[in-house]
Amino acid sequence: SPQDLVVVGSINVDLTALVERLPGAGETVGGGRLRRDVGGKGANQAVAASRLGARVRMVGAVGSDADGAWAVETIRDAGVDVADVETVGAPTGTALIAVDEAGENQIVVCGGANTLVGAEGIAVGPGEAVLMQLELSLDVVRAVAERAPGFVALNAAPAQPLPADLVERVDLFIVNETEYAAIPELRAARRVAVTYGASGAAMFVDGLEVAKVPAAPVAEVVNTVGAGDAFSAALTLAILSGAPDEQALRTACAVGAAAVAHPSAQPPLDRLETYA
Ligand code: ATP
(Lines give C-alpha, C1' and ligand atoms only; values in the text may rest on other atoms or scores of the structure.)
Protein backbone atom coordinates (compact mmCIF):
# COMPACT_ATOMS: atom_id res chain seq x y z
CA SER A 1 0.00 0.00 0.00
CA PRO A 2 1.24 3.58 -0.60
CA GLN A 3 0.94 4.20 3.12
CA ASP A 4 3.66 1.76 4.19
CA LEU A 5 5.78 3.89 6.44
CA VAL A 6 9.24 3.35 7.93
CA VAL A 7 9.98 5.49 10.97
CA VAL A 8 13.73 5.72 11.59
CA GLY A 9 14.03 7.39 14.95
CA SER A 10 14.50 7.64 18.67
CA ILE A 11 13.03 5.52 21.42
CA ASN A 12 13.16 6.91 24.96
CA VAL A 13 11.73 6.36 28.35
CA ASP A 14 10.52 9.70 29.75
CA LEU A 15 10.90 10.11 33.51
CA THR A 16 8.78 13.11 34.44
CA ALA A 17 8.85 14.71 37.87
CA LEU A 18 5.85 16.93 38.55
CA VAL A 19 7.12 19.52 41.03
CA GLU A 20 5.90 22.74 42.61
CA ARG A 21 8.85 24.69 41.22
CA LEU A 22 11.93 23.89 39.14
CA PRO A 23 15.27 23.62 40.98
CA GLY A 24 18.05 26.16 40.38
CA ALA A 25 21.65 25.04 39.84
CA GLY A 26 22.86 23.00 42.82
CA GLU A 27 19.43 23.00 44.40
CA THR A 28 17.25 20.05 45.45
CA VAL A 29 13.47 20.28 45.19
CA GLY A 30 11.42 17.66 47.02
CA GLY A 31 7.81 16.56 46.85
CA GLY A 32 7.90 15.43 43.21
CA ARG A 33 5.37 13.03 41.71
CA LEU A 34 6.95 10.65 39.18
CA ARG A 35 5.59 9.44 35.82
CA ARG A 36 7.29 6.93 33.53
CA ASP A 37 6.25 6.98 29.88
CA VAL A 38 7.57 5.54 26.65
CA GLY A 39 8.54 8.48 24.45
CA GLY A 40 11.11 9.70 21.99
CA LYS A 41 9.97 11.47 18.85
CA GLY A 42 10.54 8.37 16.72
CA ALA A 43 8.49 6.07 18.92
CA ASN A 44 5.73 8.66 19.36
CA GLN A 45 5.44 9.20 15.61
CA ALA A 46 5.54 5.47 14.78
CA VAL A 47 2.80 4.75 17.32
CA ALA A 48 0.67 7.66 16.08
CA ALA A 49 1.00 6.61 12.42
CA SER A 50 0.04 3.04 13.27
CA ARG A 51 -2.99 4.16 15.27
CA LEU A 52 -4.00 6.38 12.33
CA GLY A 53 -4.16 3.23 10.19
CA ALA A 54 -0.82 3.06 8.35
CA ARG A 55 1.35 -0.04 8.15
CA VAL A 56 4.40 1.05 10.12
CA ARG A 57 7.87 -0.37 10.64
CA MET A 58 10.19 1.17 13.21
CA VAL A 59 13.98 1.25 12.92
CA GLY A 60 15.85 2.21 16.07
CA ALA A 61 17.63 0.89 19.15
CA VAL A 62 17.12 0.28 22.84
CA GLY A 63 19.42 -0.99 25.58
CA SER A 64 19.35 -4.51 27.00
CA ASP A 65 17.51 -3.30 30.09
CA ALA A 66 13.99 -3.40 31.47
CA ASP A 67 13.16 0.03 30.00
CA GLY A 68 14.15 -1.19 26.54
CA ALA A 69 11.99 -4.30 26.76
CA TRP A 70 9.07 -2.21 28.02
CA ALA A 71 9.48 0.40 25.29
CA VAL A 72 9.60 -2.21 22.51
CA GLU A 73 6.54 -3.99 23.91
CA THR A 74 4.64 -0.68 24.07
CA ILE A 75 5.48 0.18 20.47
CA ARG A 76 4.60 -3.36 19.30
CA ASP A 77 1.28 -3.23 21.18
CA ALA A 78 0.37 -0.17 19.09
CA GLY A 79 0.67 -2.34 15.96
CA VAL A 80 4.15 -1.25 14.84
CA ASP A 81 6.53 -3.84 13.32
CA VAL A 82 9.54 -3.76 15.69
CA ALA A 83 11.69 -6.44 14.00
CA ASP A 84 14.28 -3.76 13.14
CA VAL A 85 14.53 -2.29 16.62
CA GLU A 86 17.95 -3.45 17.76
CA THR A 87 19.13 -4.12 21.29
CA VAL A 88 22.55 -2.50 21.76
CA GLY A 89 25.21 -2.03 24.43
CA ALA A 90 24.11 1.29 25.92
CA PRO A 91 21.23 2.19 28.23
CA THR A 92 17.83 2.82 26.67
CA GLY A 93 17.51 6.52 25.77
CA THR A 94 16.14 8.46 28.71
CA ALA A 95 14.62 11.92 29.05
CA LEU A 96 14.72 13.40 32.56
CA ILE A 97 11.91 15.96 32.69
CA ALA A 98 10.87 18.28 35.50
CA VAL A 99 7.56 20.15 35.10
CA ASP A 100 6.36 22.83 37.51
CA GLU A 101 2.81 23.88 38.32
CA ALA A 102 2.77 26.52 35.58
CA GLY A 103 3.74 23.88 33.02
CA GLU A 104 7.31 25.21 32.63
CA ASN A 105 9.82 22.43 32.14
CA GLN A 106 13.48 21.47 32.18
CA ILE A 107 14.59 18.47 30.14
CA VAL A 108 17.83 16.53 30.00
CA VAL A 109 18.04 13.90 27.25
CA CYS A 110 20.48 11.00 27.52
CA GLY A 111 20.57 9.54 24.03
CA GLY A 112 22.07 6.21 25.12
CA ALA A 113 21.08 3.44 22.71
CA ASN A 114 19.78 5.98 20.17
CA THR A 115 23.33 7.26 19.67
CA LEU A 116 24.44 3.78 18.57
CA VAL A 117 22.01 3.55 15.64
CA GLY A 118 24.16 3.43 12.51
CA ALA A 119 23.18 3.79 8.87
CA GLU A 120 24.67 0.40 7.84
CA GLY A 121 21.95 -2.18 7.53
CA ILE A 122 19.06 0.26 7.25
CA ALA A 123 17.26 -0.61 4.03
CA VAL A 124 14.18 1.12 2.65
CA GLY A 125 12.11 -0.78 0.12
CA PRO A 126 10.35 0.56 -2.96
CA GLY A 127 6.84 1.52 -1.92
CA GLU A 128 8.00 2.51 1.56
CA ALA A 129 7.89 6.14 2.67
CA VAL A 130 10.27 7.31 5.40
CA LEU A 131 9.58 9.54 8.38
CA MET A 132 12.52 10.71 10.52
CA GLN A 133 13.39 13.26 13.21
CA LEU A 134 16.70 14.69 14.45
CA GLU A 135 17.10 12.64 17.64
CA LEU A 136 19.40 10.17 15.83
CA SER A 137 22.76 11.24 14.44
CA LEU A 138 22.53 13.55 11.43
CA ASP A 139 24.77 11.11 9.51
CA VAL A 140 22.13 8.39 9.84
CA VAL A 141 19.31 10.72 8.78
CA ARG A 142 21.35 11.91 5.81
CA ALA A 143 22.34 8.41 4.68
CA VAL A 144 18.81 7.01 4.96
CA ALA A 145 17.35 10.00 3.09
CA GLU A 146 19.91 9.55 0.34
CA ARG A 147 19.26 5.84 -0.16
CA ALA A 148 15.45 5.90 0.26
CA PRO A 149 13.84 5.27 -3.12
CA GLY A 150 10.60 7.10 -2.32
CA PHE A 151 9.02 9.82 -0.21
CA VAL A 152 11.06 11.22 2.71
CA ALA A 153 9.55 13.32 5.50
CA LEU A 154 11.71 14.91 8.20
CA ASN A 155 10.48 16.46 11.43
CA ALA A 156 13.57 18.66 11.90
CA ALA A 157 13.48 18.60 15.71
CA PRO A 158 15.47 19.31 17.77
CA ALA A 159 16.69 22.09 15.47
CA GLN A 160 20.21 21.91 14.10
CA PRO A 161 21.98 23.17 10.96
CA LEU A 162 21.10 21.04 7.92
CA PRO A 163 23.39 20.20 5.00
CA ALA A 164 22.18 21.34 1.58
CA ASP A 165 22.01 17.79 0.16
CA LEU A 166 19.57 16.79 2.89
CA VAL A 167 17.42 19.89 2.43
CA GLU A 168 17.27 19.13 -1.27
CA ARG A 169 16.37 15.44 -0.82
CA VAL A 170 13.58 15.74 1.75
CA ASP A 171 10.07 15.88 0.25
CA LEU A 172 8.36 17.25 3.36
CA PHE A 173 9.81 19.03 6.38
CA ILE A 174 7.74 19.49 9.52
CA VAL A 175 8.86 22.02 12.17
CA ASN A 176 7.39 24.26 14.82
CA GLU A 177 7.84 28.01 14.42
CA THR A 178 10.86 28.13 16.76
CA GLU A 179 12.61 25.45 14.71
CA TYR A 180 11.68 27.21 11.47
CA ALA A 181 13.35 30.39 12.76
CA ALA A 182 16.40 28.43 13.95
CA ILE A 183 17.00 26.61 10.63
CA PRO A 184 17.32 29.27 7.89
CA GLU A 185 18.32 26.50 5.45
CA LEU A 186 14.63 25.53 5.36
CA ARG A 187 13.83 28.66 3.29
CA ALA A 188 15.35 26.73 0.38
CA ALA A 189 13.35 23.52 1.00
CA ARG A 190 10.69 22.34 -1.41
CA ARG A 191 7.89 21.85 1.10
CA VAL A 192 7.83 22.85 4.78
CA ALA A 193 4.93 22.59 7.21
CA VAL A 194 5.25 24.97 10.17
CA THR A 195 3.17 24.49 13.33
CA TYR A 196 2.08 27.40 15.55
CA GLY A 197 0.65 25.55 18.57
CA ALA A 198 -2.83 26.90 19.39
CA SER A 199 -2.61 29.08 16.25
CA GLY A 200 -2.60 26.19 13.78
CA ALA A 201 -0.20 25.48 10.95
CA ALA A 202 0.95 26.62 7.50
CA MET A 203 2.62 25.12 4.44
CA PHE A 204 5.51 26.76 2.63
CA VAL A 205 6.49 25.67 -0.88
CA ASP A 206 9.85 26.99 -2.09
CA GLY A 207 9.76 29.52 0.76
CA LEU A 208 6.29 30.88 -0.07
CA GLU A 209 3.26 30.29 2.14
CA VAL A 210 0.68 28.36 0.08
CA ALA A 211 -1.80 27.34 2.79
CA LYS A 212 -2.61 28.29 6.36
CA VAL A 213 -5.19 26.80 8.71
CA PRO A 214 -6.29 27.58 12.28
CA ALA A 215 -5.94 25.04 15.09
CA ALA A 216 -8.89 22.73 15.70
CA PRO A 217 -10.82 23.68 18.85
CA VAL A 218 -9.97 21.78 22.03
CA ALA A 219 -12.39 21.74 24.99
CA GLU A 220 -9.57 21.37 27.52
CA VAL A 221 -5.85 21.40 26.79
CA VAL A 222 -4.50 18.58 28.94
CA ASN A 223 -0.95 17.95 27.64
CA THR A 224 0.73 19.54 24.65
CA VAL A 225 3.77 17.21 24.78
CA GLY A 226 3.60 14.97 21.73
CA ALA A 227 1.21 17.23 19.80
CA GLY A 228 3.97 17.86 17.28
CA ASP A 229 4.59 14.12 16.93
CA ALA A 230 0.92 13.30 16.31
CA PHE A 231 0.77 16.22 13.84
CA SER A 232 3.91 15.01 12.02
CA ALA A 233 2.60 11.46 11.60
CA ALA A 234 -0.82 12.65 10.44
CA LEU A 235 0.50 15.25 7.99
CA THR A 236 2.90 12.76 6.43
CA LEU A 237 0.12 10.20 5.91
CA ALA A 238 -2.29 12.83 4.59
CA ILE A 239 0.24 14.15 2.05
CA LEU A 240 1.10 10.56 1.05
CA SER A 241 -2.59 9.85 0.47
CA GLY A 242 -2.63 12.69 -2.07
CA ALA A 243 -4.51 15.28 -0.02
CA PRO A 244 -3.92 18.89 -1.16
CA ASP A 245 -1.84 21.00 1.25
CA GLU A 246 -4.70 22.82 2.95
CA GLN A 247 -6.74 19.67 3.53
CA ALA A 248 -3.68 17.79 4.78
CA LEU A 249 -2.96 20.63 7.26
CA ARG A 250 -6.57 20.56 8.50
CA THR A 251 -6.41 16.82 9.06
CA ALA A 252 -3.08 17.09 10.89
CA CYS A 253 -4.37 19.96 13.07
CA ALA A 254 -7.40 17.85 14.03
CA VAL A 255 -5.04 15.04 15.05
CA GLY A 256 -2.82 17.51 16.95
CA ALA A 257 -5.92 18.75 18.79
CA ALA A 258 -6.87 15.19 19.73
CA ALA A 259 -3.35 14.78 21.11
CA VAL A 260 -3.42 17.89 23.33
CA ALA A 261 -6.81 16.84 24.70
CA HIS A 262 -5.26 13.63 26.09
CA PRO A 263 -2.72 13.28 28.96
CA SER A 264 -0.43 10.87 27.09
CA ALA A 265 2.26 11.79 24.53
CA GLN A 266 1.09 8.59 22.75
CA PRO A 267 -2.65 9.33 22.74
CA PRO A 268 -5.30 6.98 21.38
CA LEU A 269 -6.23 8.03 17.83
CA ASP A 270 -8.85 6.98 15.28
CA ARG A 271 -8.13 6.24 11.64
CA LEU A 272 -6.83 9.19 9.60
CA GLU A 273 -10.06 9.50 7.54
CA THR A 274 -11.93 10.36 10.75
CA TYR A 275 -10.03 13.65 10.97
CA ALA A 276 -10.35 14.66 7.30
P1 ATP B 1 5.43 19.55 21.16
O2 ATP B 1 6.93 19.69 21.06
O3 ATP B 1 4.84 20.14 22.41
O4 ATP B 1 4.92 18.19 20.88
P5 ATP B 1 5.47 21.28 18.88
O6 ATP B 1 6.09 22.52 19.43
O7 ATP B 1 6.29 20.42 18.00
O8 ATP B 1 4.80 20.43 20.02
P9 ATP B 1 3.03 22.71 18.31
O10 ATP B 1 3.12 23.76 17.27
O11 ATP B 1 2.97 23.12 19.73
O12 ATP B 1 4.19 21.65 18.03
O13 ATP B 1 1.73 21.82 18.04
C14 ATP B 1 1.58 21.02 16.88
C15 ATP B 1 0.15 21.09 16.41
O16 ATP B 1 -0.71 20.56 17.42
C17 ATP B 1 -0.35 22.50 16.12
O18 ATP B 1 -0.09 22.88 14.79
C19 ATP B 1 -1.85 22.33 16.37
O20 ATP B 1 -2.46 21.79 15.22
C21 ATP B 1 -1.91 21.31 17.49
N22 ATP B 1 -2.00 22.02 18.78
C23 ATP B 1 -1.00 22.32 19.64
N24 ATP B 1 -1.45 23.02 20.70
C25 ATP B 1 -2.79 23.16 20.50
C26 ATP B 1 -3.86 23.79 21.23
N27 ATP B 1 -3.64 24.41 22.40
N28 ATP B 1 -5.10 23.72 20.71
C29 ATP B 1 -5.36 23.09 19.56
N30 ATP B 1 -4.40 22.49 18.82
C31 ATP B 1 -3.14 22.53 19.28
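I looked at helix H1 (residues 41–51) to begin with: 9 of its 11 residues are buried, so the rest of the structure largely encloses it. Buried means under 20% relative accessible area, exposed over 50%, partly exposed in between (1.4 Å probe, protein chains only). Helices (H or I, at least four residues) and strands (E, at least two) are DSSP runs, numbered from the N terminus. I listed the buried residues of H1: Gly 42, Ala 43, Asn 44, Gln 45, Ala 46, Val 47, Ala 48, Ala 49 and Ser 50. After H1 comes Gly 53, with a positive phi near 110°.

For the record, this is a predicted model: local features need pLDDT of at least 70, side-chain atom pairs count only at pLDDT 80 or more, and totals for chains, interfaces and linings use all residues. Residues are numbered from 1 along each chain as its sequence is written, and side-chain values use heavy atoms, with hydrogens and water left out.

**Ligand**

I counted 19 residues around the ligand (a heavy atom within 4 Å). The closest are Asn 176, Thr 195, Gly 197, Thr 224 and Gly 228. I then checked N and O pairs within 3.5 Å. The side chain of Thr 195 puts an N or O atom 2.7 Å from a ligand oxygen. For Gly 197, a polar backbone atom is 2.8 Å from a ligand oxygen. For Gly 200, a backbone N or O atom sits 3.0 Å from one. The protein covers 80% of the 630 Å² of accessible area that the ligand has on its own (Shrake-Rupley, 1.4 Å probe). Helix H6 (227–240) and helix H7 (245–260) each supply at least two shell residues. The shell divides into 11 nonpolar, 8 polar and no charged residues. Here Asp, Glu, Lys and Arg count as charged, and Gly as polar.

**Second largest pocket**

I found about 170 Å³ of space in this pocket. Of the 14 lining residues, Val 59, Asp 84, Glu 86, Gly 121 and Ile 122 are the closest to its centre. A pocket is an open set of points on a 1 Å grid, where a 1.4 Å probe fits, with protein on both sides within 12 Å along at least five of seven lines; lining residues have an atom within 4 Å of a point. Strand S5 (81–88) gives the most to the lining, with 4 residues. The lining divides into 7 nonpolar, 3 polar and 4 charged.

**Glu 128**

I placed Glu 128 in strand S8 (residues 128–133). Glu 128 is buried, at a relative accessible area of 16%. Its side chain makes a polar contact of 2.9 Å with the side chain of Arg 57. A polar side-chain atom of Glu 128 also lies 2.7 Å from the backbone nitrogen of Gly 125.

Definitions and conventions: Points joined across faces, edges and corners; volume = space filled by probe spheres on them. Polar contact = N/O pair within 3.5 Å; in protein donor to acceptor, adjacent residues only side chain to side chain.
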